[in-house]
Amino acid sequence: QVQLVESGGGSVQTGESLRVSCAGPDYDFGGNCMAWFRQAPGQERVAVANIYLESGDATYYRDSVRGRFTISQGNRKNTVYLQMNNLKPEDTGMYYCAAGSVHIARCYFGAEHYPYWGQGTLVTVSS
């Protein structure tokens, strides 16, 4: 069982910044992709960003957050961050960390590709 623990959520106003963190296990869990998903109230869970945990750290961002959000690998093993700048009300939701289970050449964007999930951390952006 791979456990992921998110932290750093909170309530902010439009234009402010927030960084959420995801702490994975100390051991290699088999996958080389990690991602952040978001589920807004009454909406389905959608991908926000993912990162390839290999040399180069290729990243992907949802169109609505590109240029404002940055996903990065932390100094600790299997730790990733999501720096969220210029937050908007549409960014509100539960943010979930996810991790893949297989070593692949590229990361995918659908939730079905990530068998490991955290409990989520709530981000609320008010106007």
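**Salt bridges and a sheet in a predicted model**

The model is predicted.

Q: Why is Asp-63 called exposed?
A: Asp-63 has 62% relative accessibility. Exposed means over 50%, so the word applies to Asp-63.

Q: How do you know that Asp-91 is in a network of salt bridges?
A: Asp-91 meets Arg-38 at 3.3 Å, N to O. Asp-91 also forms a salt bridge with Arg-68, at 2.8 Å. Both values are within 4 Å, so Arg-38, Arg-68 and Asp-91 are linked.

Q: Why does the pair of Asp-91 and Arg-38 tie together parts of the chain?
A: Asp-91 lies in the loop between E8 and E9, and Arg-38 in strand E4, so the pair joins parts 53 residues apart in sequence.

Q: Why are Asp-91, Arg-38 and Arg-68 called buried?
A: Asp-91 has 0% relative accessibility. Arg-38 has 7%, and Arg-68 has 9%.

Q: What makes E1 and E7 edge strands?
A: The open sheet runs in the order E1-E3-E8-E7. Strands E1 and E7 each pair on one side only.

Q: How do you know that E3 and E8 pair?
A: They share six bridges, in the antiparallel sense. Pairing needs at least two, so E3 and E8 count as paired.

Notes
Residues are numbered from 1 along each chain as its sequence is written. This is a predicted model: local features need pLDDT of at least 70, side-chain atom pairs count only at pLDDT 80 or more; totals for chains, interfaces and linings use all residues. Side-chain values use heavy atoms; hydrogens and water are left out. Helices (H or I, at least four residues) and strands (E, at least two) are DSSP runs, numbered from the N terminus. A salt bridge is a side-chain nitrogen of Lys or Arg within 4 Å of a carboxyl oxygen of Asp or Glu. Buried means under 20% relative accessible area, exposed over 50%, partly exposed in between (1.4 Å probe, protein chains only).
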